[in-house]
Amino acid sequence: MREVREWTAHARRIVHKRRDPVVVQTVRSAFAATIAYVIALRLSPEAAPLTAPLTALLVVQVTLYATLTNGFRRVNAVVTGVLVAIAFSLLVGLTWWSLALLLVASLAVGRLVRVEEYVPEVAISAMLVLGVTTHGDTAWARVVETLIGAFVGLGCNLLLAPPVWVEEAGASIEGLARRLRQLMLRMGEEAAGGTPPDQAAERLHEARRLDHDIVEVDAALRQAEDSLRLNPRVREGLLHRVVLRTGLDTLEICTVVLRVLARSFTDLAKEREPEPLFDAETGAALQQLLSEIADAVVSFAVLVTTHLSASAESAEERLATELRTAAGTRDKLALLLRKEAERETRHWQLLGAVLTEVNRILDELDTEHRTRRLFEELDQVSREQRARMPRLTRLRERLGVQEQMWRNRTGVGGRSR
């Protein structure tokens, strides 16, 4: 039995590693570079056609969208550099001043042809070609090798379909939500008791450090968004992208508001030292409210990262229940803060700020607010796509109408007629 458990754990680690971005990138890049070199040995006149594997290595990316966009720019950059070098080789040889002119011309042309991050590659290709003896043969050989490497790189991602990184992005979003939850719980515990100013300031620094976590989550989400673009295995990719992006935006707003709340706690601790932040009853209510909001934040993250309809409905019901409970506690806290502000007139602004900030978090997590935001984002993206690619949009709409007519006639996906 123990051996079975160990084997199962080992298999899970293998599966996890198989989807790890570093592992996937390494295996695909090495495979593509090897195949490109083998093909180039047969088609290129060079004895060691290393440009082909180099191009394949740089073209292959983790996602299909990135491969297509990087592949085109990579080929464009190398071919442009080769053509610039051919022009220079016909006019001048390799000297210090011709090399300087070549670099200036290559970088300038690279900007004009819009190869973006591959502008240095234009100059590199031009220098390599200009530096050899037989300019013409080597130049065209490099063009051939570049095309071989680019096509092999594109083919590898078409045959070996890259993974969809939605689960990894979802795990990052949930991890951010759980870190938010832990900070809220600590702030609630300290609000219910005595909080020295230095301890409250530490919570403020902790809230500020969450900005770094948001940057990491945003990078994971961008990778997931790229993996959904132009991916034939994914349907409703636009909806997935918008759901995840709006979910991260909401958590980012909650993080900012929580940082402001931590600042209010810090200022209140300085004003009321050595007394506690709140009265015993007010502190207990605030601790309960922050605990309920913390649970709602995690439920919200689970909701935006859930794709199955049944699980999504369950997550939405749980979030709605938690928000209703938190709203009741918020109303109780509002009365207690009002009474305390009437007694402590010097601190009424800080006490009112606490209530305003927890209200803002509850509003951001509200399910109706999330639904409106989703529809607004989907409408905006659709308008941008129609404006950017009107012909493609009309073609998609026509194909969608034809598919629906076919479904109605055959009864697929609905009642048969």
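Biologist: Where does Ser106 lie in this predicted model?

Modeller: Ser106 is part of helix α5, which spans residues 96-112.

Biologist: Why does Ser106 count as buried?

Modeller: Buried means under 20% relative accessible area, and Ser106 has 0% relative accessibility, so Ser106 counts as buried.

Biologist: Which residues is Ser106 in contact with, leaving aside neighbours within four places in sequence?

Modeller: Those are Val84, Val122, Ala123 and Ala126.

Biologist: Let's turn to Glu292 in helix α11 (residues 280-304). Why is Glu292 said to have no salt bridge?

Modeller: A salt bridge needs a side-chain nitrogen of Lys or Arg within 4 Å of a carboxyl oxygen of Asp or Glu. For the buried Glu292, the nearest side chain of opposite charge is Lys332, 9.0 Å away, so no salt bridge is counted.

Biologist: What makes the pairing of the Glu292 and Thr329 side chains a polar contact?

Modeller: Their separation is 2.8 Å, and the cut-off for such N or O pairs is 3.5 Å. Glu292 also touches Thr325 and Ala326, among residues beyond four places away in sequence.

Biologist: And the largest nonpolar core: which of its residues touch the most other members?

Modeller: Phe265, Phe278 and Ile293 do, out of 65 residues. Elements giving two or more residues to this core include α8 (166-192), α11 and α14 (367-388), while the largest share, 13 residues, comes from α10.

Biologist: What is Phe278 in contact with, neighbours within four places aside?

Modeller: Among its contacts are Phe265, Leu268, Leu286, Leu337, Leu351 and Val354, along with Arg272 and Glu340. A second, separate core has nine residues, including Ala36, Ala52, Ala56 and Cys156.

Technical notes
Residues numbered from 1 in each chain as written. Predicted model: local features only at pLDDT ≥ 70, side-chain atom pairs only at ≥ 80, totals over all residues. Heavy atoms only, no water. Helix = DSSP H or I, 4+ residues; strand = E, 2+ residues; numbered from the N terminus. Buried < 20%, exposed > 50% of the residue type's maximum accessible area, 1.4 Å probe, protein only. Lys, Arg positive; Asp, Glu negative; His and termini not counted. Polar contact = N/O pair within 3.5 Å; in protein donor to acceptor, adjacent residues only side chain to side chain. Contact = heavy atoms within 4.5 Å. Core = buried A, V, L, I, M, F, W, Y, C linked by side-chain atoms within 4.5 Å.
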